[in-house]
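Here is a short briefing on one protein model and its ligand. Look over the sequence and the structure first.

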Amino acid sequence: QNVVNKIAAGEIIVAPVNALKELIENSVDAGATSIEITIKDGGLKLLQITDNGSGINREDLPILCERFTTSKLKKFEDLEEMQTYGFRGEALASISMIAHLTVTTKTKDSNCAWRAVYADGKLAPPKPGQSPDPKPCAGRQGTQITVEDLFYNTPSRRRAFRSASEEYSKILDVVGRYAVHCNGVAFSCKKHGDTDVGVSTTSTASLVDRIRRIHGSAVANELIEFEVSNIPLAFTSKGMLSNANYHVKKTTLLLFINGRAVESTAIRKAIDATYSTFLPKGGHPFVYLSIEIEPKRVDVNVHPTKREVNFLHEDEIIEKIAAAIQEKLASVDT
Ligand code: ADP
Ligand code: MG
């Protein structure tokens, strides 16, 4: 049983960035307006995320890291819809299988915070001989998740990581994506003990300001707002496009579908093709695109770490988006 769980966990979390992405999404789902992240050794030694969201009730802590524990089922009208999200209630369970996990949390109604330590899906004693029950402690509203020694019990996987700085740059990439996407949420991400911050945004910054913070003024000054929707195809999409004055060597695509950072080779190709008539040869765009599609039409089932998504009527939807981008680019005189 445990071996099976460990294998499953290892498939969900193959690198520190996979764990962090799940934790960021949990904080966003909890309504946080501030998300602070601290990293040690590219996340292998420490991944810590502190939010000011709803917090977790004391009575939910014992089962928090059991597989399929989720408070989010109400969001899904039926099982079919739920399944299209691939997996639910597996992130914390998986992390507890392959790392030392500590959760400190306080809800608005609780008069103290609670700290719980987990191993292999269950509450664990913080020190040998101690009780595994959550302990009351001081703390502000919200949740702090501390993940230490990722892959401590799968040494071969751990050894596969050569460079902490490579893992850290993958982490900054994902944090940067959410920092651009999440309106009203202040993000910070830094290495433990460092004063300079890898990512930092404020909760009041506009979308353009957030892009400026993460990607610089050169692109932020050359953005066009963009929006398209279609009722029969059940999607809406909004974003920011670089105009024909700006180009980079490689397409930067910040793609969100239903609030989750994903990849789509098909969308990337369509965007590049659309821009190719506006940009000099070898020039590529910066595009931030947030698409909302009826959840049951989206298939992220393939694999949680595989961020590549597919959705129903993909070709038609991509065509509509590409046509709208084309029109926008053509209408802006630069
Ligand atoms: P899922 O997000 O699919 O529900 P997870 O394993 O990621 O599964 O999280 C399990 C549950 O733990 C969530 O449904 C939520 O109730 C709770 N939870 C996790 N992280 C947080 C957080 N930062 N703030 C509040 N609740 C959280
Ligand atoms: Mg989650």
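The crossing of α2 and α6 is right-handed, as the near helix is turned clockwise from the far one by less than a right angle. This is a predicted model: local features need pLDDT of at least 70, side-chain atom pairs count only at pLDDT 80 or more, and totals for chains, interfaces and linings use all residues. Residues are numbered from 1 along each chain as its sequence is written, while chains are lettered from A and ligands numbered from 1 in the order in which they are written.

- Pro16, Val17, Leu20, Lys21, Ile24 and Val28 of α2 make the contact with Glu167, Lys170, Ile171, Val174, Val175 and Tyr178 of α6 (contact: C-beta atoms, placed from the backbone, within 7 Å).
- This contact divides into nine nonpolar, no polar and three charged residues (nonpolar: Ala, Val, Leu, Ile, Met, Phe, Trp, Tyr, Cys and Pro; charged: Asp, Glu, Lys and Arg; polar: the others, Gly among them).

**Ligand 1**
- Around ligand 1 there are 21 residues, and the closest are Asn26, Ala30, Thr70, Ser71 and Ala91 (C-beta atom, placed from the backbone, within 6 Å).
- Two or more residues of this shell come from each of α2 (16–29) and α4 (91–98).
- The shell holds six nonpolar, ten polar and five charged residues.

**Whole protein**
- The protein has ten helices and 16 strands (DSSP runs, numbered from the N terminus: helices H or I, at least four residues; strands E, at least two).
- Of its 334 residues, 37% count as buried (20 or more other C-beta atoms, placed from the backbone, within 10 Å of the residue's own).

Definitions and conventions
A residue is buried if 20 or more other C-beta atoms lie within 10 Å of its own, exposed if 12 or fewer, and partly exposed in between; C-beta atoms are placed from the backbone. Two residues are in contact if their C-beta atoms, placed from the backbone, lie within 7 Å.
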